[in-house]
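Subject: Structure handover and findings

Dear colleague,

I am passing on to you the structure we spoke of, and below it you will find an account of what came out of going through it. Please read the text with the coordinates open beside it.

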Amino acid sequence: MTKLETSLLNLLKEDCRIPLEKMAVMTGARIEEVADAITDMEKRRIILRYSPMINWDLTDRERVEAMIEVRVTPQRDMGFDAVAKRIYRFDEVKSVYLMSGSYDLLVLVEARTLKDLAMFVASKLSTLETVTGTATSFVLKRYKEEGVVFDGDESDHRLVISP
Amino acid sequence: MNYDRYINPAIAAVPPSGIRRFFDMASTMKDAISLGVGEPDFKTPYHIRNAAINSIVDGETQYTANRGLPELRKEISIYLSGRFCTDYRPEDQILVTIGASEAIDIALRALLSPGDEVLVPEPSYVSYAPGVIFAGGTPVGVPTREEHSFRLQPEDLEACITPRTKLLILPYPNNPTGGIMEKQDLEAIAPVIRKHQLIVISDEIYAELVYDGHRHVSVAAVDDLYPYVVTINGFSKAFAMTGWRVGYICGAPELIAVMNKIHQYSIMCAPRQGQVAAYEALKTGRENGYEDVERMRESYDQRRRLMVSAFRGMGLSCFEPYGAFYVFPSIVSTGLSSEEFCGRLLKEKNVAAVPGNAFGACGEGFIRCCYATAIDKLNIALDRIAEFVRENT
């Protein structure tokens, strides 16, 4: 990673709508250099997409989330990758991580209702032949995600003018 | 009851800070975007806050040594030597103070006798000249100019020296201009300092906030100037710790001992939890390559470039500031005085900036804009200033 690439990623992580010209000014690079660096990082799949961070709790969309600890039997030659792939292909699955510790995969699942989510675990996840056990925990409240605090008071306490 | 005859006339004669009036005005404006702040927009990194929390929970509620916690002074010594090549012994050359402000105050009180003159480069931080007067001295402004990037010039310094001149305050990186003094600039004024045997009070509170490949150079590390210099620094700007009020002053043991006399009688010691937090800031910084400082500096630098480019885009002359977190554009082309400009900008566009003349007469024609504010707000403020400049040129 070059210094420019790191700076651009830090800027985009905060706000991916900053115009190219502004990013160029802020990093001290030329606009073409910034554009090329970003395109290059997209090609290398360092940047995968530009999406907003949404606080769904403030919308009227019904939504249940759970974190599921999954124990699996790794497959010969494929390790955990094959079963992870079987799991992440379900639309309900938002994230899958291979973990160290007492279970193997951590699966973040989202569904419309509690019942839908329970049905997903019972009929889709648990029935995979390599899955040997699951433990589901429902998300009750979201405090902070990707460095963004959802419910805190982050207001500016500074004096308006100070020497 | 009329208290006039009780009040010290020397203090009564000092005018209130020119910033005060703008503060009062800006405080009444709803939703004004303020570029008038003088502190970081970051909160103190959480591991530093947490160290202070643990200290309170553990019942560390007592006085500390007058000069500050020994482990903190040791870290300060390592920090200054590693970052700025200045060597100060923790035992007798470092005194922990209530912010850099107390350090300035006790340095002036320890060194000045009535009538002594103190050279204060202008524009600069508003407290130096009043501090000199409170200590019985006479401040003498030394002008610095945009064409020299607001660096102190030896001939300007020389021109202000009289037989009563005793001290030079060296406020770099500079508030409000963002100007810095590089090694060759310090070497250029060194002969004047030696010739007139001046003691230099070097306020280096913004030392970590220097950009674009430049590095802060401590005047104490230049040539043979070390014995002439007392160095002041602190945690407010570099570690986003303004409210903690922890700074320090370093210099010859004989000088620090006199300052400590004032400090121990009037202050006793800097608050313990602030010192614990400061210790955590330096210790962790030393271990992780000053990660927090570097992160904040990069963010300031991005915003600094944005501001300079925007002001130049408006057709205003704006010298490139390599230090602190201020830009100091000239507003002369609008035909307005800096107070008119800021007053109307606040009323008409709801953006607060500080008129340059608040920092000394030669700040007239400039405004100080702090870029330690969220980028989206900076962008809105810059759009509004551009609109205001268009309407007034």
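In chain B, seven strands form an open sheet with mixed pairing, and their order is β2-β8-β7-β6-β5-β3-β4. Its edges are β2 (94-97) and β4 (138-143) of chain B, each of which pairs on one side only, and from one strand to the next the twist averages 20°. Please keep in mind throughout that this is a predicted model.

Within that sheet, β5(B) and strand β6 (residues 199-203) of chain B run parallel and are joined by four bridges, and B:Leu168 has B:Val200 in β6(B) as its bridge partner. Helix α9 (residues 253-266) of chain B packs on the sheet, where it touches β2, β7 (229-234) and β8 (247-250) of chain B, and its direction makes about 25° with that of β2(B).

The loop between β5 (165-170) and α8 (183-196) of chain B contains B:Pro171. Is B:Pro171 buried or exposed? With 29 other C-beta atoms within 10 Å, and with 20 or more being the criterion for burial, B:Pro171 is buried. Leaving aside residues up to four places away in sequence, B:Pro171 touches B:Pro121, B:Ser124, B:Tyr125 and B:Asp203. The C-alpha atom of B:Pro171 is separated by 15 Å from that of B:Gly363, although the two residues are 192 residues apart along the chain.

Which residues of α12(B) are buried? They are B:Ser338, B:Phe341, B:Cys342, B:Leu345 and B:Leu346, and because they cover an arc of only 120° around the axis, they lie on the same side of α12(B). These buried residues of α12(B) pack against α2 (18-28), β10 (351-352), β11 (354-355), β12 (367-370) and α13 (375-391) of chain B. Just after α12(B) comes B:Asn350, which takes a positive phi of about 60°.

Turning to chain A, four strands form an open sheet in the order β2-β3-β1-β4, with antiparallel pairing. The edge strands here are β2 (93-98) and β4 (131-138) of chain A, each pairing on one side only, and the twist averages 20° from one strand to the next.

Taking the pairs in turn, strand β1 (residues 64-72) of chain A runs antiparallel to β4(A) and is joined to it by seven bridges, with A:Arg71 standing opposite A:Gly133 in β4(A). Seven bridges also pair β1(A) with β3(A) in the antiparallel sense, and the bridge partner of A:Glu65 in β3(A) is A:Glu110. Five bridges join β2(A) to β3(A), again antiparallel, and A:Leu98 stands opposite A:Leu105 in β3(A). These two strands, β2(A) and β3(A), form a hairpin with six residues between them, and A:Gly101 in the turn has a positive phi of about 110°.

Two helices of chain A deserve a look alongside this sheet. Helix α4 (residues 81-88) of chain A lies across β1, β2 and β3 (105-111) of chain A and runs at about 165° to β2(A), whereas helix α5 (residues 114-125) of chain A packs on the sheet, touching β1, β3 and β4 of chain A, with its direction at about 15° to that of β1(A).

Finally, there is the contact between the chains, to which chain A gives 13 residues and chain B gives 22 residues. On the side of chain A that touches chain B, the elements giving two or more residues are α1 (3-14) and α2 (20-27) of chain A, and the largest share, four residues, comes from α2(A). By class, that side of chain A has seven nonpolar, four polar and two charged residues.

The buried residues of α2(A) are A:Lys22, A:Met23, A:Val25, A:Met26 and A:Thr27, and they pack against α1 and α3 (31-43) of chain A together with α11 (291-313) of chain B. After α2(A) comes A:Gly28, whose phi is positive, near 75°.

With best regards

Terms used. Residues numbered from 1 in each chain as written. Chains lettered and ligands numbered in written order. Predicted model: local features only at pLDDT ≥ 70, side-chain atom pairs only at ≥ 80, totals over all residues. Contact = placed C-beta atoms within 7 Å. Nonpolar A, V, L, I, M, F, W, Y, C, P; charged D, E, K, R; others polar. Buried ≥ 20, exposed ≤ 12 C-beta atoms within 10 Å, placed from the backbone. Arc of directions from axis to C-beta. Pairing = 2+ DSSP bridges. Axes fitted to C-alpha atoms, helices over the stretch in contact; angles between N-to-C directions.
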